[in-house]
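The sequence and structure follow.

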Amino acid sequence: MRCLRCGGEYQMRRGTLVLKDKFIGDYEVHAVEYFECEGCDRFLFPEQTARKIEQRREEVKRHLISHRPIREFITASEAADILGISRQALHKHRRIRRGFIYSIELGGRILYNLKSVLKFRECGDGRFPLIRQSDEEQDDTYALITEGSEQVLPEYKIQRTGPTAF
Ligand SMILES: [Zn+2]
């Protein structure tokens, strides 16, 4: 398989990937297969690896959200009031369910992060960085392998060595 960017050959590798995400920072995925272009250091992820990356990303995100101070969270009624919708509409909202507002579960109730609710009201996306941003961002692009076609995953940044997120 040849790289679309530089024409180099992809080499299959297995090991630990350290990925960067603008919301959760660095995180690691262990023992996964991936392809690396020998010419330009571009990466391709087989579908199974992409799924593992996604799972790990969700895990780290939940961990980071749940470790924020409890005073940052409000009840569903309060969140619904701020958004001007009913509680039922809040619980059913597809984007909110998909994580566009940060939430935690506590004693069987869902609590919403206030800053995230306000940001969501403003622009429809309540996500914000859960870690301090570093300036040493690398401008690489990554792709997911699906039946021979390449699909760019712009949210991911990657490096192969580096510190562990937690
Ligand atoms: Zn290449």
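The largest pocket of this predicted model has a volume of about 400 Å³. Its lining is made up of 18 residues, and those nearest the centre of the pocket are I96, R97, G99, I101 and S103. By residue class, the lining of the largest pocket comprises eight nonpolar, four polar and six charged residues.

Five secondary structure elements each contribute at least two residues to this lining: the helices α1, α3 and α4 and the strands β5 and β6. Their residue ranges are tabulated here.

| Element of the pocket lining | Residue range |
|---|---|
| α1 | residues 47-66 |
| α3 | residues 87-92 |
| α4 | residues 94-100 |
| β5 | residues 103-106 |
| β6 | residues 109-113 |

The helix α1 gives the most to the lining of the largest pocket, namely five residues. Both domain 1 (10-66 + 131-159) and domain 2 (70-123) take part, each with at least three residues in the lining.

Which residues supply its protein donors? They are C3, C6, C37 and C40, each through its SG atom, at 2.3 to 2.4 Å from the zinc ion. The angles subtended by the four donor atoms run from 97 to 115°. The arrangement is tetrahedral because these angles fall within the limits of 85 and 135 degrees.

Along the sequence, the donor residues of the zinc ion follow the spacing C-x2-C-x30-C-x2-C. C3 and C40 form a pair that links distant parts of the chain, 37 residues apart. C3 belongs to the segment before β1 (10-21), whereas C40 sits in the loop between β2 (25-37) and β3 (43-45). C3 has a relative accessible area of 4%, and is therefore buried, the cut-off being under 20%.

Is E122 buried or exposed? With a relative accessible area of 69%, E122 is exposed, because this value is over 50%. E122 is part of helix α5, which spans residues 114-123. The C-alpha atom of E122 lies 9.5 Å from that of L83, and the two residues are 39 apart along the chain.

Turning to the chain as a whole, the protein contains five helices and nine strands. Read from the N terminus, the order of elements is β-β-β-α-β-α-α-α-β-β-α-β-β-β. Of the 166 residues in the protein chain, 40% are buried.

Key
Residues are numbered from 1 along each chain as its sequence is written. This is a predicted model: local features need pLDDT of at least 70, side-chain atom pairs count only at pLDDT 80 or more; totals for chains, interfaces and linings use all residues. Side-chain values use heavy atoms; hydrogens and water are left out. Donors are N, O and S atoms within 2.8 Å of the metal (3.2 Å for Na, K and Ca); water is not among the atoms, so sites may look incomplete. Four donors count as tetrahedral if all angles lie between 85 and 135 degrees; four count as square planar and six as octahedral if opposite donors are over 155 degrees apart and all others between 65 and 115; anything else is irregular. Helices (H or I, at least four residues) and strands (E, at least two) are DSSP runs, numbered from the N terminus. Buried means under 20% relative accessible area, exposed over 50%, partly exposed in between (1.4 Å probe, protein chains only). On a 1 Å grid over the protein atoms alone, a cavity is a set of points where a 1.4 Å probe fits but cannot get out, and a pocket is an open set with protein on both sides within 12 Å along at least five of seven lines; lining residues have an atom within 4 Å of a point. Grid points are joined across faces, edges and corners, and a volume is the space filled by probe spheres set on the points. Ala, Val, Leu, Ile, Met, Phe, Trp, Tyr, Cys and Pro count as nonpolar, Asp, Glu, Lys and Arg as charged, and the others, Gly among them, as polar. Domain bounds come from an automatic or database domain assignment.
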